[in-house]
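These are my notebook entries on a single protein chain. I set down what I looked up, in the order in which I looked it up.

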Amino acid sequence: MSEQTMQPQQPQQPESRRYTAFIDPRKTRFGLFILSSICVLACVVVSILAIWDYTHNDAAYKLIASCGVLIGGGILFELLNRKFGDLSWLSK
């Protein structure tokens with residue numbers, strides 16, 4: 001027997017899918033992280049002010065809803081950026 005047949009075979013690593021996008025995904029994730037952080041901070045501040053009656057309770061609800069829409073839009077943008085950045089799905 002040769003030496004090659006005696007050595008155990010190394011398991012092959014599956015190829016990880018590399019995403020391509022119109023805008024660098026790291027930059028869009030960083031931007032979404034900053035947007036989310038600002039929204040959470042603003043919601044906390046306005047909610048505390050609403051608890052102590054320094055602002056209307058409606059302001060807190062409107063800010064929370066607005067931040068939810070902004071974060072949801074950012075997530076949708078990230079998904080579309082990745083989907084349409086990789087145009088290989090058009091050839092199927």
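This is a predicted model: local features need pLDDT of at least 70, side-chain atom pairs count only at pLDDT 80 or more; totals for chains, interfaces and linings use all residues.

**Entry 1: confidence.** I looked up the pLDDT first. The protein chain averages 82, and 72% of the residues score at least 70. I then compared the elements. Helix α1, residues 3-6, has the lowest mean pLDDT, at 60, whereas α2 has the highest, at 92.

**Entry 2: overall make-up.** I counted 3 helices and 0 strands in the protein chain. Read from the N terminus, the order of elements is α-α-α. Of the 92 residues, 16% are buried. I found an accessible surface of about 8200 Å² for the chain, and carbon and sulfur atoms hold 64% of that surface. I also looked at how far apart in sequence the contacting residues lie. Among contacts with a separation of 6 or more, 68% join residues 24 or more positions apart.

**Entry 3: the helix pair.** How do the axes of α2 and α3 cross? I took helix α2 as residues 25-51 and helix α3 as residues 57-85. Their axes come within 9 Å and cross at roughly 170°. An angle over 145 degrees counts as roughly antiparallel, and α2 and α3 are therefore roughly antiparallel to each other. I sorted the residues of this contact by class: 17 are nonpolar, 6 are polar and 3 are charged.

**Entry 4: T28.** I located T28 in helix α2. Is T28 buried or exposed? Its relative accessibility is 12%, so T28 counts as buried, given that the cut-off for buried is under 20%. I then listed its contacts, leaving aside neighbours within four places in sequence. T28 is in contact with I23, F77, E78 and N81.

**Entry 5: R29.** I moved on to R29, which is also found in helix α2. At 41% relative accessibility, R29 counts as partly exposed, because that value falls between the two cut-offs. With neighbours within four places in sequence left aside, R29 is in contact with E78 and R82.

**Entry 6: I64.** I turned to helix α3, where I64 has its place. The relative accessible area of I64 is 43%, so I64 is partly exposed. Not counting residues up to four places away in sequence, I64 touches C43 and S47. For I64 and V44, which are 20 residues apart in sequence, I read a C-alpha to C-alpha distance of 9.3 Å.

**Entry 7: D53.** Where is the place of D53? I found D53 in the loop between α2 and α3. Its relative accessibility is 65%, so D53 counts as exposed, the cut-off for exposed being over 50%. I looked up the backbone as well. Phi of D53 is near 60°, a positive value in a residue other than glycine.

Entry 8: T28 is buried, R29 is partly exposed, I64 is partly exposed, and D53 is exposed.

Notes. Residues are numbered from 1 along each chain as its sequence is written. Side-chain values use heavy atoms; hydrogens and water are left out. Axes are lines fitted to C-alpha atoms, for helices over the stretch in contact, and angles run from 0 to 180 degrees between N-to-C directions. Helices (H or I, at least four residues) and strands (E, at least two) are DSSP runs, numbered from the N terminus. Angles under 35 degrees count as roughly parallel, over 145 as roughly antiparallel, 65 to 115 as roughly perpendicular and the rest as oblique. Ala, Val, Leu, Ile, Met, Phe, Trp, Tyr, Cys and Pro count as nonpolar, Asp, Glu, Lys and Arg as charged, and the others, Gly among them, as polar. pLDDT is the predictor's confidence in each residue, from 0 to 100. Buried means under 20% relative accessible area, exposed over 50%, partly exposed in between (1.4 Å probe, protein chains only). Contact means heavy atoms within 4.5 Å. Accessible areas come from the Shrake-Rupley method with a 1.4 Å probe; for residues, only the protein chains shown count as cover.
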